[in-house]
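Have the structure open while you read.

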Amino acid sequence: MNRVKGRIIKGIGGFYYVETPGGVVTTRGRGNLKKSGDILLVGDYVEVSILNEEETEGVVEKALPRENSFVRPPIANVDLMTIVVSGEKPKVNVRLLDRFLCVSESKLIPSLICVNKTESSRGMKTFDMLYGIYGKIYPMCSVSGKTGKGLDDLRREISGSTVAFAGPSGVGKSTILNAILGQNHMEVGEISKKTSRGRHTTRHVELIEIKESKAENENISKTWIFDTPGFTSLDLPDMSEANLRYLFPELVKWGKECRFMDCQHIGEPECSVLKAVEMGSISQSRYNSYKMFYEELSERKKF
């Protein structure tokens, strides 16, 4: 049997659809994968044995090592986390945004903050506020999925990467993705009047390739986007509160000047992080998130 390497782009009902150099192959997992407890995820790179002459059917022999993975949604090998928030409704929750950023940092995944619904002055005011907090830490872009504003910049930011879009319901992720893909691939959910949040419409996980012109795609890798049914909230990683500071890049930077190497930046003497907060070099909002998450991890240990 011919064996090829590929990537799982969709999984439904025990079938895995694998993108290979010869096209998409419909597969199932080899029995030994089930016995070993290995779970195949969309985004996994795999080795496939081809079962027919048309090279349309096969069986997954093994999954190759992952760079990262998530349980909810079940995806693997994310290159970039694009966290979408709204410039209007629903109002930005900076604690939730910081939680997403921490989870990305814990998995060594670069983050991009995308502020949608910035076609209005109110939306741009929100972008400017967020830029004051995050602009020196993470790349940011302002877009309007409704009018198309800023989408070319977003395309450039994600080009050549495998991208997961995350963020609260109702911020317009599906609208942005439909605009990028140039099709109504993702059904846009209604916004609940009571909560100002969207209703999930995606039912399975899928990797979708952004079709680019040959000129655009000549010297770069393919651009893939995860279409997922969830990714609206995340738990902090299972870690000690003593290591939380490493998930805040600005704390890592300023913490090098602290008197104590193991300074937790909570109340220790000669703490450069606390001084940076006082001077405004570190945002008070980000430091408040750090303290809140620190307490959360401390409480978690008690149970």
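1. A salt bridge here is a side-chain nitrogen of Lys or Arg within 4 Å of a carboxyl oxygen of Asp or Glu. By that rule this predicted model has 14 salt bridges.

2. Arg66 and Asp44 make one of them, with N to O at 2.7 Å. The two sit in distant parts of the chain, 22 residues apart: Arg66 is in the loop between strand 5 and strand 6, and Asp44 is in the loop between helix 1 and strand 4. Asp44 is buried, at 0% relative accessibility, while Arg66 is partly exposed at 35%.

3. Glu47 and Arg3 pair up at 3.1 Å, N to O. Glu47 belongs to strand 4 and Arg3 to strand 1, so this bridge ties together parts 44 residues apart in sequence. Glu47 counts as buried at 13%; Arg3, at 44%, is partly exposed.

4. Asp98 and Arg286 form another bridge, at 2.9 Å from N to O. This one ties helix 2 to helix 9, because Asp98 lies in the former and Arg286 in the latter, 188 residues apart in sequence. Both Asp98 and Arg286 are buried.

5. Shared partners also matter for the bookkeeping: salt bridges join Arg3, Arg30, Glu47 and Glu61 into one network.

6. Now helix 4 (residues 151-158), where Leu151, Leu154 and Ile158 are buried. Down the helix axis, the buried residues fall within an arc of 55°, so they line one face. Their cover includes strand 8, strand 9 and helix 5. Just after helix 4, Gly160 has a positive phi of about 80°.

Note on methods
Residues are numbered from 1 along each chain as its sequence is written. This is a predicted model: local features need pLDDT of at least 70, side-chain atom pairs count only at pLDDT 80 or more; totals for chains, interfaces and linings use all residues. Side-chain values use heavy atoms; hydrogens and water are left out. Buried means under 20% relative accessible area, exposed over 50%, partly exposed in between (1.4 Å probe, protein chains only). Helices (H or I, at least four residues) and strands (E, at least two) are DSSP runs, numbered from the N terminus. The arc is that of the directions from the helix axis to the C-beta atoms. Contact means heavy atoms within 4.5 Å.
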